[in-house]
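Reader: I'd like a close look at just one part of this model. Here it is.
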Amino acid sequence: MLMRINNAWIVISIGCLIPLFWLLLDIVSDNLGSNPIQAIHIRLGDWSLRFLCLTLAVTPIQTMTKWKGMSDYRQMLGLYAFFYATLHLLGYLFIDHAGVWQVIGIDIFESPYIWFGVVSYTIVFLLAITSPKYAKKQLGKNWKKLHRFIYYSAVAAVIHYLWQLKGNLFQPLFYLTIIIFLLGFRVLVWLKNRQLSKLMVPKGRLVTLDDND
Amino acid sequence: MIIKTNKTIPASEITDPLIFSQRRKIIKALLAGTLLPSAIGNVSGKTNKSKWPDIIKNENSIDSEILTPVNLVKNYTNYYEFSFNKEDSTELAQNLKTDNWTIEMAGEIEKPGHYQLEDILKQQQLQEFVYRFRCVEAWSMVIPWVGFPLADLIKTLKPLSTAKFVKFTSIYQPDIMPKQRINAMLEWPYTEALRIDEAVHPLTVMAVGMYGDVLPKQNGAALRLVVPWKYGFKSIKAVVKIEFLKKAPLTTWHAYAPMEYGFYANVNPAVPHPRWSQFSERQLASGYFTPRRQTELFNGYAEHVASLYSNMDLQHFY
(Lines give C-alpha, C1' and ligand atoms only; values in the text may rest on other atoms or scores of the structure.)
Protein backbone atom coordinates (compact mmCIF):
# COMPACT_ATOMS: atom_id res chain seq x y z
CA MET A 1 0.00 0.00 0.00
CA LEU A 2 1.35 3.38 -0.88
CA MET A 3 1.99 5.86 1.88
CA ARG A 4 -0.59 8.52 1.37
CA ILE A 5 0.24 11.98 2.51
CA ASN A 6 -3.10 13.17 3.72
CA ASN A 7 -4.44 15.16 6.63
CA ALA A 8 -4.25 12.24 9.07
CA TRP A 9 -0.62 11.67 8.15
CA ILE A 10 0.23 15.29 8.84
CA VAL A 11 -1.68 15.36 12.12
CA ILE A 12 -0.04 12.17 13.40
CA SER A 13 3.46 13.19 12.38
CA ILE A 14 3.11 16.51 14.16
CA GLY A 15 1.49 14.77 17.13
CA CYS A 16 4.58 12.59 17.46
CA LEU A 17 6.67 15.74 17.86
CA ILE A 18 4.62 17.04 20.80
CA PRO A 19 6.81 15.23 23.41
CA LEU A 20 9.84 16.99 21.95
CA PHE A 21 8.24 20.45 22.04
CA TRP A 22 7.00 19.73 25.56
CA LEU A 23 10.55 18.86 26.60
CA LEU A 24 11.98 21.99 24.96
CA LEU A 25 9.39 24.08 26.78
CA ASP A 26 10.39 22.49 30.09
CA ILE A 27 14.06 23.19 29.33
CA VAL A 28 13.57 26.88 28.60
CA SER A 29 11.25 27.35 31.57
CA ASP A 30 13.67 25.50 33.90
CA ASN A 31 10.97 23.04 34.86
CA LEU A 32 13.05 19.87 35.00
CA GLY A 33 13.94 19.79 38.68
CA SER A 34 17.31 19.68 40.39
CA ASN A 35 18.98 17.39 37.86
CA PRO A 36 17.69 18.59 34.48
CA ILE A 37 20.31 16.67 32.50
CA GLN A 38 19.10 13.39 33.93
CA ALA A 39 15.48 14.47 33.50
CA ILE A 40 16.05 15.10 29.76
CA HIS A 41 17.71 11.75 29.49
CA ILE A 42 14.87 9.87 31.18
CA ARG A 43 12.22 11.77 29.22
CA LEU A 44 13.79 10.93 25.83
CA GLY A 45 14.37 7.31 26.83
CA ASP A 46 10.75 6.99 27.96
CA TRP A 47 9.43 8.34 24.68
CA SER A 48 11.58 6.10 22.52
CA LEU A 49 10.29 3.10 24.49
CA ARG A 50 6.70 4.33 24.20
CA PHE A 51 6.99 4.73 20.42
CA LEU A 52 8.55 1.29 20.22
CA CYS A 53 5.53 -0.15 22.05
CA LEU A 54 3.13 1.79 19.82
CA THR A 55 4.88 0.45 16.72
CA LEU A 56 4.56 -3.08 18.03
CA ALA A 57 0.90 -2.53 18.87
CA VAL A 58 -0.12 -1.66 15.32
CA THR A 59 -0.53 -5.20 13.98
CA PRO A 60 -2.33 -6.64 17.03
CA ILE A 61 -4.76 -3.71 17.12
CA GLN A 62 -5.34 -4.07 13.41
CA THR A 63 -6.00 -7.80 13.70
CA MET A 64 -8.39 -7.34 16.58
CA THR A 65 -10.31 -4.42 15.15
CA LYS A 66 -10.06 -5.36 11.46
CA TRP A 67 -9.22 -1.72 10.88
CA LYS A 68 -6.64 -1.74 8.15
CA GLY A 69 -5.75 1.94 8.20
CA MET A 70 -3.27 1.73 11.02
CA SER A 71 -0.47 -0.06 9.23
CA ASP A 72 -0.01 3.05 7.08
CA TYR A 73 1.51 4.68 10.13
CA ARG A 74 3.60 1.84 11.49
CA GLN A 75 6.72 2.92 9.62
CA MET A 76 6.32 6.48 10.86
CA LEU A 77 5.87 5.35 14.50
CA GLY A 78 8.94 3.16 14.21
CA LEU A 79 10.96 6.03 12.80
CA TYR A 80 9.85 8.23 15.68
CA ALA A 81 11.04 5.55 18.12
CA PHE A 82 14.38 5.78 16.30
CA PHE A 83 14.23 9.59 16.42
CA TYR A 84 13.72 9.75 20.21
CA ALA A 85 16.26 6.99 20.81
CA THR A 86 18.79 8.98 18.76
CA LEU A 87 18.12 12.12 20.82
CA HIS A 88 18.48 9.99 23.97
CA LEU A 89 21.88 8.76 22.76
CA LEU A 90 23.05 12.22 21.65
CA GLY A 91 21.93 13.61 25.01
CA TYR A 92 24.06 11.01 26.80
CA LEU A 93 27.11 11.67 24.65
CA PHE A 94 26.99 15.45 24.43
CA ILE A 95 24.67 16.99 27.03
CA ASP A 96 25.77 14.77 29.93
CA HIS A 97 29.29 13.69 28.92
CA ALA A 98 30.09 16.75 26.80
CA GLY A 99 31.86 14.50 24.30
CA VAL A 100 34.66 13.47 26.69
CA TRP A 101 35.31 10.14 24.98
CA GLN A 102 37.69 8.70 27.57
CA VAL A 103 35.08 9.03 30.33
CA ILE A 104 32.32 7.82 28.01
CA GLY A 105 34.39 4.73 27.19
CA ILE A 106 34.93 3.88 30.85
CA ASP A 107 31.29 4.59 31.65
CA ILE A 108 30.01 2.22 28.97
CA PHE A 109 32.58 -0.45 29.80
CA GLU A 110 31.76 -0.41 33.52
CA SER A 111 27.96 -0.10 33.24
CA PRO A 112 26.31 -3.34 32.11
CA TYR A 113 22.91 -1.66 31.92
CA ILE A 114 24.25 0.55 29.14
CA TRP A 115 25.21 -2.51 27.07
CA PHE A 116 21.53 -3.31 26.69
CA GLY A 117 20.89 0.24 25.57
CA VAL A 118 23.58 -0.17 22.93
CA VAL A 119 22.02 -3.42 21.70
CA SER A 120 18.57 -1.88 21.59
CA TYR A 121 19.76 1.21 19.71
CA THR A 122 21.85 -0.76 17.22
CA ILE A 123 18.78 -2.79 16.24
CA VAL A 124 16.56 0.28 15.92
CA PHE A 125 19.28 1.97 13.88
CA LEU A 126 19.49 -0.99 11.45
CA LEU A 127 15.72 -1.05 11.10
CA ALA A 128 15.61 2.69 10.45
CA ILE A 129 18.21 2.63 7.69
CA THR A 130 16.47 -0.33 6.03
CA SER A 131 13.12 1.38 6.34
CA PRO A 132 12.97 3.05 2.88
CA LYS A 133 11.18 1.19 0.06
CA TYR A 134 14.41 0.86 -1.87
CA ALA A 135 16.12 -1.02 0.98
CA LYS A 136 13.06 -3.18 1.42
CA LYS A 137 13.18 -4.25 -2.22
CA GLN A 138 16.88 -4.97 -2.02
CA LEU A 139 16.53 -7.14 1.07
CA GLY A 140 13.58 -9.12 -0.25
CA LYS A 141 12.54 -11.88 2.16
CA ASN A 142 15.29 -10.99 4.61
CA TRP A 143 13.66 -7.63 5.28
CA LYS A 144 10.88 -9.18 7.31
CA LYS A 145 13.30 -11.40 9.23
CA LEU A 146 15.40 -8.39 10.05
CA HIS A 147 12.47 -6.26 11.12
CA ARG A 148 11.22 -8.93 13.54
CA PHE A 149 14.28 -7.97 15.59
CA ILE A 150 12.25 -5.04 16.85
CA TYR A 151 11.10 -7.38 19.65
CA TYR A 152 14.69 -7.95 20.75
CA SER A 153 15.20 -4.20 20.69
CA ALA A 154 12.15 -3.60 22.89
CA VAL A 155 13.17 -6.27 25.41
CA ALA A 156 16.74 -4.92 25.51
CA ALA A 157 15.38 -1.39 26.04
CA VAL A 158 13.32 -2.54 29.03
CA ILE A 159 16.33 -4.37 30.55
CA HIS A 160 18.37 -1.19 29.97
CA TYR A 161 15.74 0.72 31.93
CA LEU A 162 15.16 -1.84 34.65
CA TRP A 163 18.76 -2.67 35.39
CA GLN A 164 19.87 0.82 36.31
CA LEU A 165 17.24 1.32 39.02
CA LYS A 166 17.87 0.75 42.69
CA GLY A 167 14.59 -0.99 43.38
CA ASN A 168 11.43 0.77 42.31
CA LEU A 169 10.72 -1.19 39.16
CA PHE A 170 7.12 -0.16 38.52
CA GLN A 171 7.68 1.73 35.26
CA PRO A 172 9.99 -0.71 33.47
CA LEU A 173 7.77 -3.62 34.54
CA PHE A 174 4.80 -1.75 33.12
CA TYR A 175 6.51 -1.55 29.72
CA LEU A 176 7.67 -5.15 30.00
CA THR A 177 4.08 -6.26 30.59
CA ILE A 178 2.95 -4.44 27.47
CA ILE A 179 5.72 -5.97 25.38
CA ILE A 180 5.01 -9.47 26.69
CA PHE A 181 1.34 -8.95 25.92
CA LEU A 182 2.09 -7.80 22.37
CA LEU A 183 4.55 -10.61 21.75
CA GLY A 184 2.12 -13.12 23.29
CA PHE A 185 -0.53 -11.97 20.87
CA ARG A 186 1.76 -12.71 17.92
CA VAL A 187 2.60 -16.14 19.28
CA LEU A 188 -1.09 -16.94 19.70
CA VAL A 189 -1.85 -15.91 16.12
CA TRP A 190 1.08 -17.97 14.89
CA LEU A 191 -0.09 -21.02 16.82
CA LYS A 192 -3.63 -20.60 15.54
CA ASN A 193 -2.45 -20.33 11.95
CA ARG A 194 -0.32 -23.43 12.35
CA GLN A 195 -3.26 -25.33 13.79
CA LEU A 196 -5.56 -24.22 11.01
CA SER A 197 -3.14 -25.18 8.29
CA LYS A 198 -2.59 -28.60 9.91
CA LEU A 199 -6.29 -29.32 10.10
CA MET A 200 -6.70 -28.16 6.51
CA VAL A 201 -10.18 -27.02 7.27
CA PRO A 202 -11.48 -25.85 3.90
CA LYS A 203 -13.49 -23.03 5.34
CA GLY A 204 -10.81 -22.09 7.83
CA ARG A 205 -10.04 -18.47 7.40
CA LEU A 206 -6.42 -17.68 7.90
CA VAL A 207 -5.88 -14.92 10.39
CA THR A 208 -3.46 -12.84 8.49
CA LEU A 209 -0.37 -11.28 9.89
CA ASP A 210 0.89 -10.18 6.50
CA ASP A 211 1.88 -6.64 6.20
CA ASN A 212 -0.31 -4.74 3.87
CA ASP A 213 2.31 -2.35 2.72
CA MET B 1 7.04 35.10 75.85
CA ILE B 2 6.18 32.50 73.28
CA ILE B 3 2.87 30.79 73.72
CA LYS B 4 2.78 27.53 71.86
CA THR B 5 -0.63 26.45 70.73
CA ASN B 6 -1.28 23.00 69.49
CA LYS B 7 -3.80 23.65 66.76
CA THR B 8 -4.86 20.66 64.79
CA ILE B 9 -5.67 21.28 61.17
CA PRO B 10 -8.90 19.66 60.00
CA ALA B 11 -8.36 17.23 57.12
CA SER B 12 -10.62 19.38 54.93
CA GLU B 13 -8.15 22.23 55.13
CA ILE B 14 -5.13 20.21 54.10
CA THR B 15 -4.28 20.81 50.49
CA ASP B 16 -4.39 17.73 48.34
CA PRO B 17 -0.74 17.02 47.41
CA LEU B 18 -1.67 16.86 43.74
CA ILE B 19 -3.28 20.30 43.79
CA PHE B 20 -0.36 21.60 45.80
CA SER B 21 2.14 20.38 43.24
CA GLN B 22 0.05 21.77 40.40
CA ARG B 23 0.00 25.15 42.09
CA ARG B 24 3.72 24.99 42.53
CA LYS B 25 4.14 24.21 38.87
CA ILE B 26 1.98 27.14 37.85
CA ILE B 27 3.89 29.48 40.14
CA LYS B 28 7.16 28.10 38.84
CA ALA B 29 6.07 28.58 35.26
CA LEU B 30 5.05 32.17 35.98
CA LEU B 31 8.29 32.92 37.77
CA ALA B 32 10.41 31.18 35.18
CA GLY B 33 9.89 34.00 32.71
CA THR B 34 11.32 36.63 35.03
CA LEU B 35 13.84 34.65 37.04
CA LEU B 36 15.27 32.50 34.30
CA PRO B 37 18.80 33.93 34.13
CA SER B 38 19.35 33.47 37.84
CA ALA B 39 17.74 30.06 37.95
CA ILE B 40 20.10 28.43 35.48
CA GLY B 41 23.77 27.73 35.74
CA ASN B 42 26.35 28.03 38.43
CA VAL B 43 24.71 30.40 40.82
CA SER B 44 26.38 29.94 44.15
CA GLY B 45 24.00 29.18 46.99
CA LYS B 46 23.89 32.21 49.22
CA THR B 47 24.19 31.33 52.86
CA ASN B 48 21.45 32.95 54.81
CA LYS B 49 22.71 32.90 58.37
CA SER B 50 19.52 33.91 60.06
CA LYS B 51 19.43 31.04 62.53
CA TRP B 52 23.07 30.94 63.59
CA PRO B 53 24.65 34.34 62.90
CA ASP B 54 28.08 33.83 64.48
CA ILE B 55 28.86 30.37 63.30
CA ILE B 56 32.46 29.48 62.60
CA LYS B 57 33.55 27.57 59.55
CA ASN B 58 35.22 24.24 60.28
CA GLU B 59 38.83 24.01 59.12
CA ASN B 60 38.09 20.97 56.96
CA SER B 61 35.58 22.88 54.85
CA ILE B 62 36.32 23.07 51.19
CA ASP B 63 36.30 26.50 49.67
CA SER B 64 37.61 25.89 46.21
CA GLU B 65 34.24 24.78 44.96
CA ILE B 66 31.00 26.65 44.80
CA LEU B 67 27.99 25.63 46.83
CA THR B 68 25.07 23.90 45.18
CA PRO B 69 22.07 26.29 45.14
CA VAL B 70 19.94 25.55 48.19
CA ASN B 71 16.70 25.05 46.23
CA LEU B 72 18.30 22.16 44.34
CA VAL B 73 19.47 20.50 47.55
CA LYS B 74 16.00 20.89 49.05
CA ASN B 75 14.29 19.22 46.11
CA TYR B 76 16.54 16.27 45.39
CA THR B 77 16.56 13.84 48.26
CA ASN B 78 16.39 10.07 48.39
CA TYR B 79 13.99 9.66 51.27
CA TYR B 80 12.49 6.26 50.51
CA GLU B 81 10.36 6.29 53.66
CA PHE B 82 8.24 8.90 51.90
CA SER B 83 8.60 8.19 48.20
CA PHE B 84 10.91 6.66 45.63
CA ASN B 85 10.65 9.97 43.78
CA LYS B 86 13.05 12.67 44.97
CA GLU B 87 10.74 15.62 44.34
CA ASP B 88 7.70 13.96 45.96
CA SER B 89 9.72 13.35 49.13
CA THR B 90 10.15 17.09 49.55
CA GLU B 91 6.43 17.63 49.96
CA LEU B 92 5.58 14.45 51.83
CA ALA B 93 8.37 14.97 54.38
CA GLN B 94 6.69 18.15 55.60
CA ASN B 95 4.32 15.90 57.59
CA LEU B 96 7.19 14.72 59.76
CA LYS B 97 7.05 15.88 63.38
CA THR B 98 10.46 17.14 64.41
CA ASP B 99 9.62 19.02 67.62
CA ASN B 100 11.10 17.78 70.92
CA TRP B 101 13.47 15.43 69.14
CA THR B 102 14.80 12.69 71.39
CA ILE B 103 17.72 10.36 70.72
CA GLU B 104 18.19 7.07 72.49
CA MET B 105 21.81 6.26 73.28
CA ALA B 106 22.43 2.61 74.03
CA GLY B 107 24.91 -0.23 74.09
CA GLU B 108 28.54 -0.18 75.15
CA ILE B 109 28.59 3.23 76.86
CA GLU B 110 28.68 4.46 80.43
CA LYS B 111 25.83 6.89 79.95
CA PRO B 112 22.95 5.25 78.10
CA GLY B 113 19.54 6.89 78.06
CA HIS B 114 17.16 9.14 76.19
CA TYR B 115 18.61 12.54 75.36
CA GLN B 116 16.78 15.63 74.19
CA LEU B 117 18.37 17.13 71.09
CA GLU B 118 18.08 20.56 72.72
CA ASP B 119 20.20 19.38 75.65
CA ILE B 120 22.80 17.85 73.36
CA LEU B 121 23.08 21.10 71.40
CA LYS B 122 23.68 23.08 74.60
CA GLN B 123 26.92 21.15 75.06
CA GLN B 124 28.09 21.46 71.46
CA GLN B 125 29.72 24.30 69.57
CA LEU B 126 27.97 24.39 66.22
CA GLN B 127 30.17 24.87 63.16
CA GLU B 128 29.70 25.07 59.42
CA PHE B 129 31.13 22.20 57.38
CA VAL B 130 31.26 22.76 53.62
CA TYR B 131 31.51 19.23 52.25
CA ARG B 132 31.20 17.44 48.96
CA PHE B 133 28.29 14.98 48.93
CA ARG B 134 28.50 12.08 46.48
CA CYS B 135 25.51 9.79 45.91
CA VAL B 136 25.92 6.16 44.86
CA GLU B 137 23.68 7.14 41.92
CA ALA B 138 26.62 9.14 40.51
CA TRP B 139 25.48 12.70 41.18
CA SER B 140 27.06 15.13 43.62
CA MET B 141 26.51 18.37 45.49
CA VAL B 142 28.51 20.74 47.69
CA ILE B 143 26.59 21.47 50.88
CA PRO B 144 27.33 23.75 53.87
CA TRP B 145 26.14 21.66 56.81
CA VAL B 146 25.64 23.09 60.28
CA GLY B 147 26.48 20.67 63.04
CA PHE B 148 29.15 19.30 65.33
CA PRO B 149 31.71 16.50 65.14
CA LEU B 150 30.17 13.18 66.18
CA ALA B 151 33.36 12.59 68.19
CA ASP B 152 32.39 15.42 70.56
CA LEU B 153 29.06 13.76 71.29
CA ILE B 154 30.61 10.30 71.68
CA LYS B 155 33.07 11.70 74.26
CA THR B 156 30.21 12.80 76.51
CA LEU B 157 28.67 9.30 76.39
CA LYS B 158 31.88 7.67 77.63
CA PRO B 159 32.11 4.59 75.39
CA LEU B 160 33.53 1.38 76.81
CA SER B 161 36.55 -0.28 75.23
CA THR B 162 34.20 -2.94 73.90
CA ALA B 163 32.42 -0.41 71.65
CA LYS B 164 33.72 -1.27 68.16
CA PHE B 165 30.85 -0.14 65.96
CA VAL B 166 28.26 2.63 66.07
CA LYS B 167 24.81 1.89 64.72
CA PHE B 168 22.32 4.62 63.77
CA THR B 169 18.57 4.16 63.42
CA SER B 170 16.18 6.47 61.58
CA ILE B 171 12.76 7.44 62.75
CA TYR B 172 9.89 4.95 62.34
CA GLN B 173 6.58 6.74 61.76
CA PRO B 174 4.49 4.49 59.51
CA ASP B 175 1.43 6.70 59.90
CA ILE B 176 3.33 9.55 58.23
CA MET B 177 5.81 7.62 56.07
CA PRO B 178 3.89 5.86 53.28
CA LYS B 179 6.60 3.38 52.30
CA GLN B 180 7.05 2.24 55.89
CA ARG B 181 3.30 1.78 56.13
CA ILE B 182 3.21 -0.64 53.18
CA ASN B 183 6.57 -2.24 54.04
CA ALA B 184 7.95 -1.29 50.64
CA MET B 185 11.34 -2.41 49.43
CA LEU B 186 13.67 -1.96 52.41
CA GLU B 187 13.56 -3.18 56.00
CA TRP B 188 12.23 -0.31 58.08
CA PRO B 189 13.37 1.56 60.07
CA TYR B 190 16.45 2.50 58.07
CA THR B 191 19.74 1.76 59.82
CA GLU B 192 23.37 2.55 59.10
CA ALA B 193 26.62 1.99 60.94
CA LEU B 194 30.25 3.06 61.15
CA ARG B 195 33.34 1.51 62.64
CA ILE B 196 34.17 3.37 65.88
CA ASP B 197 37.32 4.94 64.35
CA GLU B 198 35.23 6.21 61.44
CA ALA B 199 32.62 7.56 63.84
CA VAL B 200 35.13 9.57 65.88
CA HIS B 201 36.99 10.86 62.82
CA PRO B 202 36.95 14.69 62.81
CA LEU B 203 35.26 14.76 59.38
CA THR B 204 32.23 12.82 60.66
CA VAL B 205 29.47 15.23 61.56
CA MET B 206 26.03 15.22 63.13
CA ALA B 207 24.11 17.96 61.31
CA VAL B 208 21.12 19.98 62.48
CA GLY B 209 21.20 22.57 59.74
CA MET B 210 22.37 23.55 56.29
CA TYR B 211 22.91 26.85 54.49
CA GLY B 212 22.87 28.62 57.84
CA ASP B 213 19.35 27.50 58.60
CA VAL B 214 17.58 24.63 60.33
CA LEU B 215 17.76 21.34 58.44
CA PRO B 216 14.70 21.02 56.15
CA LYS B 217 12.60 17.98 56.94
CA GLN B 218 13.30 16.35 53.58
CA ASN B 219 17.03 16.74 54.17
CA GLY B 220 17.01 14.76 57.40
CA ALA B 221 15.69 16.95 60.23
CA ALA B 222 15.98 17.05 63.14
CA LEU B 223 19.38 15.33 63.27
CA ARG B 224 21.35 13.52 60.58
CA LEU B 225 24.73 11.96 60.03
CA VAL B 226 27.15 13.36 57.44
CA VAL B 227 30.12 11.22 56.36
CA PRO B 228 31.62 13.08 53.39
CA TRP B 229 33.99 10.38 52.12
CA LYS B 230 31.27 7.74 51.84
CA TYR B 231 28.34 7.40 49.45
CA GLY B 232 25.30 9.39 50.51
CA PHE B 233 23.25 6.45 51.77
CA LYS B 234 25.64 6.11 54.72
CA SER B 235 24.67 9.63 55.86
CA ILE B 236 21.47 8.51 57.56
CA LYS B 237 18.65 11.01 58.11
CA ALA B 238 16.36 11.69 61.09
CA VAL B 239 18.46 9.77 63.63
CA VAL B 240 16.55 8.67 66.75
CA LYS B 241 18.88 6.01 68.11
CA ILE B 242 22.64 5.63 68.39
CA GLU B 243 23.95 2.28 69.63
CA PHE B 244 27.49 1.25 70.46
CA LEU B 245 28.09 -2.37 69.54
CA LYS B 246 30.75 -5.03 69.83
CA LYS B 247 30.12 -6.39 66.34
CA ALA B 248 29.21 -4.92 62.97
CA PRO B 249 25.42 -4.78 62.57
CA LEU B 250 23.56 -5.58 59.37
CA THR B 251 22.63 -2.26 57.79
CA THR B 252 19.65 -1.49 55.55
CA TRP B 253 21.12 -1.21 52.05
CA HIS B 254 23.72 -3.85 52.69
CA ALA B 255 20.97 -6.25 53.76
CA TYR B 256 18.89 -5.37 50.70
CA ALA B 257 21.66 -5.96 48.14
CA PRO B 258 24.95 -7.04 49.73
CA MET B 259 26.74 -7.33 46.40
CA GLU B 260 25.85 -3.76 45.49
CA TYR B 261 26.09 -1.81 48.73
CA GLY B 262 28.96 -2.73 51.01
CA PHE B 263 29.30 -1.90 54.68
CA TYR B 264 32.07 0.61 54.00
CA ALA B 265 30.63 2.32 50.90
CA ASN B 266 33.67 4.54 50.57
CA VAL B 267 33.57 6.68 47.45
CA ASN B 268 35.95 5.00 45.03
CA PRO B 269 36.08 5.58 41.27
CA ALA B 270 38.04 2.35 40.81
CA VAL B 271 35.28 0.16 42.22
CA PRO B 272 32.21 0.29 39.99
CA HIS B 273 28.77 -0.57 41.29
CA PRO B 274 27.93 -3.98 39.75
CA ARG B 275 25.53 -2.30 37.35
CA TRP B 276 27.04 1.13 36.73
CA SER B 277 30.31 3.01 36.71
CA GLN B 278 31.43 5.21 39.63
CA PHE B 279 34.21 6.81 37.60
CA SER B 280 32.45 10.12 37.09
CA GLU B 281 29.61 12.11 38.62
CA ARG B 282 27.09 14.72 37.53
CA GLN B 283 27.46 17.81 39.70
CA LEU B 284 24.09 19.36 40.27
CA ALA B 285 23.74 22.94 38.98
CA SER B 286 26.36 22.41 36.30
CA GLY B 287 25.14 23.56 32.92
CA TYR B 288 24.21 21.54 29.87
CA PHE B 289 27.15 20.31 27.78
CA THR B 290 29.42 20.49 30.86
CA PRO B 291 31.67 17.45 31.38
CA ARG B 292 31.01 15.26 34.39
CA ARG B 293 33.34 15.59 37.35
CA GLN B 294 35.82 12.76 37.70
CA THR B 295 35.09 11.11 41.03
CA GLU B 296 37.96 11.15 43.52
CA LEU B 297 39.04 8.36 45.88
CA PHE B 298 37.30 8.93 49.24
CA ASN B 299 35.43 11.75 47.53
CA GLY B 300 38.55 13.93 47.68
CA TYR B 301 39.13 13.34 51.40
CA ALA B 302 41.87 10.73 50.96
CA GLU B 303 44.51 12.75 52.86
CA HIS B 304 42.21 12.77 55.89
CA VAL B 305 40.83 9.25 55.88
CA ALA B 306 43.01 6.93 53.75
CA SER B 307 44.93 5.87 56.86
CA LEU B 308 41.74 4.33 58.31
CA TYR B 309 41.87 1.73 55.56
CA SER B 310 45.62 1.36 55.06
CA ASN B 311 45.69 -2.43 55.37
CA MET B 312 42.44 -3.14 53.57
CA ASP B 313 41.73 -4.30 50.05
CA LEU B 314 39.25 -1.64 48.94
CA GLN B 315 38.06 -3.81 46.04
CA HIS B 316 36.96 -6.44 48.54
CA PHE B 317 35.74 -4.15 51.32
CA TYR B 318 33.71 -1.88 49.04
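At roughly what angle do the axes of helix α3 (residues 36-65) of chain A and helix α9 (residues 150-162) of chain A cross?

Author: Quick ground rules: this is a predicted model, where local features need pLDDT of at least 70, side-chain atom pairs count only at pLDDT 80 or more, and totals for chains, interfaces and linings use all residues. Residues are numbered from 1 along each chain as its sequence is written, while chains are lettered from A and ligands numbered from 1 in the order in which they are written.

Now your helices (DSSP runs of H or I, at least four residues, numbered from the N terminus). The axes of α3(A) and α9(A) cross at roughly 150° and come within 10 Å; axes here are lines fitted to C-alpha atoms over the stretch in contact, with angles running from 0 to 180 degrees between N-to-C directions. So α3(A) is roughly antiparallel to α9(A), a label for angles over 145 degrees. The crossing is left-handed, meaning that the near helix is turned anticlockwise from the far one by less than a right angle.

Who's touching whom? On the α3(A) side you'll find G45(A), L49(A), L52(A), C53(A), T55(A) and L56(A). They meet I150(A), S153(A), A154(A), A157(A) and Y161(A) of α9(A). Being in contact takes C-beta atoms, placed from the backbone, within 7 Å. Sorted by class, this contact has eight nonpolar, three polar and no charged residues. Nonpolar covers Ala, Val, Leu, Ile, Met, Phe, Trp, Tyr, Cys and Pro; charged covers Asp, Glu, Lys and Arg; the others, Gly among them, are polar.

As for the model's overall scores, it gets ipTM 0.86 and pTM 0.85.

How values were computed
Helix = DSSP H or I, 4+ residues; strand = E, 2+ residues; numbered from the N terminus. Parallel < 35°, antiparallel > 145°, perpendicular 65-115°, else oblique. Contact = placed C-beta atoms within 7 Å.
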